[in-house]
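Trainee: I am new to this structure. Could you help me read it, one feature at a time?

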Amino acid sequence: MHDQKILIIDYGSQYTQLIARHIRENKTYCEVIQPESINKKNNFDCVIGVILSGGPNSVIENNNYDLPDILFKNDIPILGICFGMQLLCKKFNGKIQESISREYGKAYLKIKKDEKIFNDLDKELEVWMSHGDSVTEAPVNFSIIASTDKKNISAIKSNEKEIYGFQFHPEVTHTLDNGKIIYNFVKNICNSTGRWTTKNIINNQIADIKEKVKNDNVILGLSGGVDSSVAAAIIHKAIKNQLTCIFIDNGLLRLNEKKQVELGFKDFKDIKIIYVDSSKLFLERLKNITDPEEKRKIIGKTFIDVFQKEAKKIKNAKWLAQGTIYSDVIESAASSDSSHLIKSHHNVGGLPKDIGLKLLEPLRELFKDEVRKLGINLGIEEKLINRHPFPGPGLAVRIPGEVKKEYADVLRQADDIFIRMLHEKDLYNKISQAFTVFMPVKSVGVTGDGRSYGNVVALRAVKTIDFMTAKPFDFPFDFLEEVSTKIINNVPGISRVCLDISSKPPATIEWE
Ligand code: XMP
């Protein structure tokens, strides 16, 4: 399917997805695979380059890691980063030693040789290091092409082939090369022709969907989030009214969610969206349930029940479309080797495998930023595309303890005021995720001449890149004062507004 690709072998680095995204930014398709599957034959179809990622392991402590010969068969360019460089050294009999002190953080690289990989860079470069073991002797037939001011061997290259090893991490922004190293590898060494563009992705996907689906019908659970919306848009573009979208209101959605979806798709005149209001059923099943995981399970199960019932009404439906994206695919592959897993999975809302429908996942190869670009290009409203993520169990994880309709109604209104104000003050796009949490505690307030006794809401806004760690957003005080007044004055039942300033870790982003 792809005429060119770069293969990234993931040894468990927290930066693997960053490497992949940088390659994609250079309009080149890449795939992340686990070391166990290197030997699978068709992995090497159309491969123009290989990157060996970093990782938490040590080639000294654990002798199991070895690079198979298939990697070196057709003289494909190879770049080993950190642990990847150490693997190359092990393969070609260089020397690696455990360092007495870990090299971590900023380092100053001195480039010793003019090499294509350093095109367009100064002779000195600030780079980011994070390693325990060090290469102390380059393999025979390799040259040292850069070292740090501490005289460490920081970059090596084979004298005969396009094989490079870097001790530092060119994929992180702390390496101040402006993305040129990865650009040079992709463009000047692997000779990518740069065909991975939004236009090409859309055209290829449309052809693929048409070929797979033929005259069958497709159903899709539309949530109002970016991924399912973009999946709907591209499938609709390919097969028009053979697609039916099902939007389920579980009573735990944000204010006017249905309207937001309608607005988002206002330029898709003939898209079929069935709106199902199941809020009563969801809230009934959540009655008296206080445990967060139990709430998640009930919501997930109820979603399946409602979706299956609706799906049965659609004739000739043979396909179930899902907005699975590439990070989901990589994370679930990596979680089979859970030794270094940081992120826990929130697996709710997924449909069972035995639903009797074939899976259609047109975004399976795309990262979130690529999905967003596709969405805009396909004509979905920008506001919908740039929305913050919203959890599958919705407001249920923002109402600690038992979920009640009156709590959800109050929370929806407060949250809408907060989010609207973020848009008005141009703060929304500076924040990764913002929302309001309902606290089922009462506090005294004074309204007019009397005392009131209302609930409390907390504002939560974080900045994060990967949602695994997060920092609270630093609001101007004026904004906080204004939003607090607005919420208390306009939402009956709220007497107090607090701000959540915890970082993740140790807190999580959601409250449950
Ligand atoms: P936490 O609270 O774990 O959240 O720091 C990290 C990200 O995951 C979202 N989240 C969920 N998403 N189902 C989902 O689909 C869930 O059960 C769930 N719990 C948390 C959260 O909104 C944040 O973006």
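Mentor: Gladly! A residue is near a molecule if one of its heavy atoms lies within 4 Å of it. This is a predicted model, where local features need pLDDT of at least 70, side-chain atom pairs count only at pLDDT 80 or more, and totals for chains, interfaces and linings use all residues. Residues are numbered from 1 along each chain as its sequence is written, and side-chain values use heavy atoms, with hydrogens and water left out.

Trainee: Which residues come nearest to the ligand?

Mentor: Twelve residues are around the ligand, and the nearest are Arg 296, Gln 433, Lys 504, Ile 509 and Glu 510.

Trainee: What lies 2.5 Å from an oxygen atom of the ligand?

Mentor: Think of a polar contact, here a pair of N or O atoms within 3.5 Å. At 2.5 Å from a ligand oxygen there is a polar side-chain atom of Glu 510. Ile 509 uses a backbone N or O atom, 2.7 Å from an oxygen atom of the ligand. For Gln 433, a side-chain N or O atom is 2.8 Å from a ligand oxygen.

Trainee: And Val 32, is this residue buried or exposed?

Mentor: Buried means under 20% relative accessible area, exposed over 50%, and partly exposed in between (1.4 Å probe, protein chains only). Val 32 has 11%, so this residue is buried.

Trainee: What is Val 32 in contact with?

Mentor: Contact means heavy atoms within 4.5 Å. Apart from neighbours within four places in sequence, Val 32 is in contact with Ile 8, Asp 10, Thr 16, Ala 20, Tyr 326 and Ile 330.

Technical notes
Polar contact = N/O pair within 3.5 Å; in protein donor to acceptor, adjacent residues only side chain to side chain.
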